[in-house]
Amino acid sequence: SPKSFSAAVGCIGGVGVAGLITVVMQNLMKISGLINEDSSFVMYINPVTPIDLKGLIFSAIVIGALGAVMDVAMSIASAIAEIHVQNPALSRRALFRAGMHVGRDMMGTDSNTLILAFAGGSISMLVLDYAYNLPYRQIINSNNIGIAIMQGLSGSFGIVLAVPVTVALAVLLYTWRKAAPAA
């Protein structure tokens, strides 16, 4: 259906951007992948062919972004479908504008949800940093904080791209016949 297709394309685009941002940030931040003792246990499961810890971090970030981006893309596609059903006479421009109004609100709330979820996952580490009175520079330069920032930013960029892609494609698909010349 137009709804499923536009949601799928928007989701693929958003997750692709999240993956690209993750790779760029991993290289810029020089993330090793060793973030806690679990990481070192995973690394030594098979010493002959060790598991790529950077790849695991990439996978975790992309999977986290996938959930949020998929939610946004399908919600936007559903909103466009419902708006079109309720008022099929709307022009492409008006339908696009309505979709973007819904999308802007979703960008903000879902990006915040994603960032808060990753921050919540790091809360025990933040409490330990506070309890040991670590200097701000040491905290902000730790691998855990860097990865949490990377997760939040990558997923947020994916959400931000998924909205206009999904809206534009859904509008085109729902108004395709309207724009076709009459026989």
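User: What covers the buried residues of H1?

Analyst: This is a predicted model, in which local features need pLDDT of at least 70 and side-chain atom pairs count only at pLDDT 80 or more, while totals for chains, interfaces and linings use all residues. Residues are numbered from 1 along each chain as its sequence is written, and side-chain values use heavy atoms, with hydrogens and water left out. The cover of the buried residues of H1 includes helix H3 (53-86) and H7. Helices are DSSP runs of H or I with at least four residues, numbered from the N terminus. Among the buried residues of H1 are Ser-6, Gly-10, Gly-14 and Ala-18.

User: How do you know that the span of H1 agrees with its number of residues?

Analyst: The expected span is 1.5 Å times one less than the number of residues. For the 28 residues of helix H1 (residues 2-29) this gives 40 Å, and the end C-alpha atoms are 40 Å apart, so the two values agree. H1 is followed by Lys-30, whose phi is positive, near 55°.

User: Why is Leu-153 called partly exposed?

Analyst: Buried means under 20% relative accessible area and exposed means over 50%, with partly exposed in between (1.4 Å probe, protein chains only). Leu-153 has a relative accessible area of 37%, and therefore counts as partly exposed. This residue is found in helix H7.

User: What makes the nonpolar surface patch?

Analyst: Tyr-136, Ile-140, Ile-149, Leu-153 and Phe-157 make this patch of about 480 Å². Patches are made of residues with over 30% relative accessible area and no salt bridge; nonpolar side chains (Val, Leu, Ile, Met, Phe, Trp, Tyr) are joined within 5 Å, and like charges within 9 Å. H7 gives the most, with three residues.

User: Why do Asn-133 and Pro-135 carry the labels they have?

Analyst: Both are found in the loop between H5 and H6. Asn-133 has 66% relative accessibility, and so counts as exposed. Pro-135, at 47%, therefore counts as partly exposed. Phi of Asn-133 is near 50°, a positive value in a residue other than glycine.

User: How do you know that Asp-110 has no salt bridge?

Analyst: A salt bridge requires a side-chain nitrogen of Lys or Arg within 4 Å of a carboxyl oxygen of Asp or Glu. The nearest side chain of opposite charge to Asp-110, that of Arg-104, is 15 Å away. Lys and Arg count as positive and Asp and Glu as negative; His and the chain ends are not counted. Asp-110 lies in helix H4 (residues 92-121) and is buried.

Notes:
Areas by Shrake-Rupley, 256 points an atom, 1.4 Å probe, with all protein chains shown as cover. Helix = DSSP H or I, 4+ residues; strand = E, 2+ residues; numbered from the N terminus. Contact = heavy atoms within 4.5 Å.
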